[in-house]
Structure formats: structure tokens, C-alpha cells
Amino acid sequence: LYIHGQGGCKEEAKTFAEIAQTNGCQVLSIDLPGHGERKTEIENFNPWCVMPELAQVMNYAKQNWQSVSLFAQSIGAYFSMLTFPQEKLEHALFVSPIIDMEYLIKRMMDWASVTEEQLKKEKIISTTFGQTLIWDYFEWVQKHPIKIWNTKTAILYGEHDNLIEQNVIENFAAQFNCGLTVMKNGEHWFHTAEEIDFLNEWTVSCIK
């Protein structure tokens with residue numbers, strides 16, 4: 001099961017699927033709300049809307065395949081961990097995962113010089129860096145931290161990820177016994193030729 005990140009789409013799974021196929025796997029990928037063929041649904045790109053959808057897709061996968069593994073990027077990994085904490089997955093591969101959304105939102109609030117009191121009062125605040133701060137989202141995140149993740153997981157992280165600091169990802173990996181690979185000079189979004197080559201080589205090594 002391939003879950004894309006913010007700004008992605010189901011077609012991003014093509015390269016991964018080509019790698020997975022050589023190892024006897026099939027890949028199922030969907031567009032999350034507000035992405036791909038569902039761009040008009042952007043208001044539903046939040047945990048309480050995405051989680052029921054992912055649960056349905058997982059049920060479909062379990063009904064049609066003997067074992068299920070997970071590949072998820074960025075916020076796709078966050079949504080997946082919220083939805084599948086108790087699932088008996090074969091393994092998971094996370095690329096630049098958002099492993100602590102409360103931490104990230106607070107960082108964004110600092111970048112935008114927005115206080116919790118201000119956000120609570122105004123409810124929705126646009127930022128200069130393209131993200132929208134939403135009180136209802138922030139409040140939900142605070143009430144639903146990730147406490148359980150039992151799946152054997154390998155993480156790929158870029159050294160210069162501007163969203164999640166390396167010590168935060170290292171602490172998460174230690175807490176949940178995840179393998180962690182750090183790409184030197186890599187960023188949150190793996191998009192350069194060098195980053196994509198590194199990503200593909202890492203993927204091959206993980207699913208052999």
C-alpha cells in the first residue's frame with residue numbers, strides 16, 4: 001500500500017511499483033483528498049477524513065492479498081500511523097515521515113510568529129510559506145498523539161529536512177525500534193536526481 005505526501009498523487013507509486021514488482025509484490029496506490037484527481041476535496045485533507053478512507057483501503061487489501069506492507073511519504077506516514085497502529089503489516093518504509101504533527105505545527109507557528117492564543121481566537125491563519133494554520137486541526141492533533149507503532153519499519157531521512165529535526169526522528173526511531181538511514185545533504189522532499197537515485201537504491205535494499 002503506497003501513501004503519498006502533501007502535493008503528491010497516486011501516480012507517484014509508478015517507480016516504486018516497478019521495483020516492488022521485481023520482488024513479487026503488487027502495489028496499491030490512491031489519491032488522498034485534495035490531491036491528484038481529487039483536488040476539489042482539499043477541505044477533507046485532515047486526519048478525521050483521511051483515516052476512515054485508509055481503513056477502507058486496508059480492509060480491501062487484506063481481503064485480496066495474503067500479506068500487506070506499507071510505503072508512505074511525509075504526512076502520508078503520519079496518517080498511516082494514526083490509522084494502522086494495531087495492523088499486522090509485513091513491514092513499512094517511511095520517507096521523510098511526519099512523526100510528530102504537534103511539534104511540526106508549533107514550529108510553523110513560530111515561523112509565522114503566531115501564538116496558540118492568537119490561533120485559538122482567529123481559528124484560521126494563512127502564512128507566507130504556503131501553509132494554513134487551523135485551530136481545529138491543531139487541537140485534534142494535540143488530543144491524538146502517536147503512542148503505538150508495532151510494525152517493523154525502515155525510515156529514510158534527509159539530513160537537511162526543514163520540517164523535522166534529526167534528533168526528533170532519531171528519538172522516534174529509537175522509541176519504536178525503526179531502522180534509520182540519513183542521506184547526507186538530503187532534503188524533506190526527495191526530488192533531485194541524486195536524491196531520487198538514493199531513494200531508489202534504499203528502496204531496493206529494503207524490499208529484497
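The largest pocket here comes in at about 1,300 Å³, in a model that is predicted, so local features need pLDDT of at least 70, side-chain atom pairs count only at pLDDT 80 or more, and totals for chains, interfaces and linings use all residues. Residues are numbered from 1 along each chain as its sequence is written, and side-chain values use heavy atoms, with hydrogens and water left out. A pocket is an open set of points on a 1 Å grid over the protein atoms alone, where a 1.4 Å probe fits, with protein on both sides within 12 Å along at least five of seven lines; lining residues have an atom within 4 Å of a point. A volume is the space filled by probe spheres set on the points.

**Largest pocket**
- The lining takes in 46 residues, and Gly5, Gln6, Gly7, Ser74 and Ile75 sit nearest the centre.
- Split by class, you get 25 nonpolar, 18 polar and 3 charged residues (Ala, Val, Leu, Ile, Met, Phe, Trp, Tyr, Cys and Pro count as nonpolar, Asp, Glu, Lys and Arg as charged, the others, Gly among them, as polar).
- At least two lining residues each come from α1, β2, α4 (101-111), β5 (132-134), α6 (135-143) and α8; helices (H or I, at least four residues) and strands (E, at least two) are DSSP runs, numbered from the N terminus.
- Helix α4 gives the largest share, 5 residues.

**Second largest pocket**
- This one has a volume of about 410 Å³.
- It is lined by 20 residues, with Leu1, Cys25, Gln26, Val68 and Ser69 closest to its centre.
- Two or more of the lining residues come from each of α1, β2 and α8.

**Helix packing**
- Helices α1 (residues 13-21) and α8 (residues 193-207) pack at about 35°, their axes 10 Å apart; axes are lines fitted to C-alpha atoms, for helices over the stretch in contact, and angles run from 0 to 180 degrees between N-to-C directions.
- On the α1 side, Thr15, Phe16, Ile19 and Ala20 make the contact, against Asn200, Thr203, Val204 and Ile207 of α8 (contact means heavy atoms within 4.5 Å).
- That contact has 5 nonpolar, 3 polar and no charged residues.

**Sheet**
- Five strands make an open, parallel sheet in the order β1-β2-β3-β6-β7; two strands pair if DSSP finds at least two bridges between them.
- At the edges are β1 (2-3) and β7 (179-183), each pairing on one side only.
- Strand β6 (residues 153-158) pairs with β7 over 5 bridges, and Ile155 stands opposite Leu180 in β7.
- Helix α8 lies across β2 (70-73), β3 (92-95), β6 and β7, at about 165° to β3.
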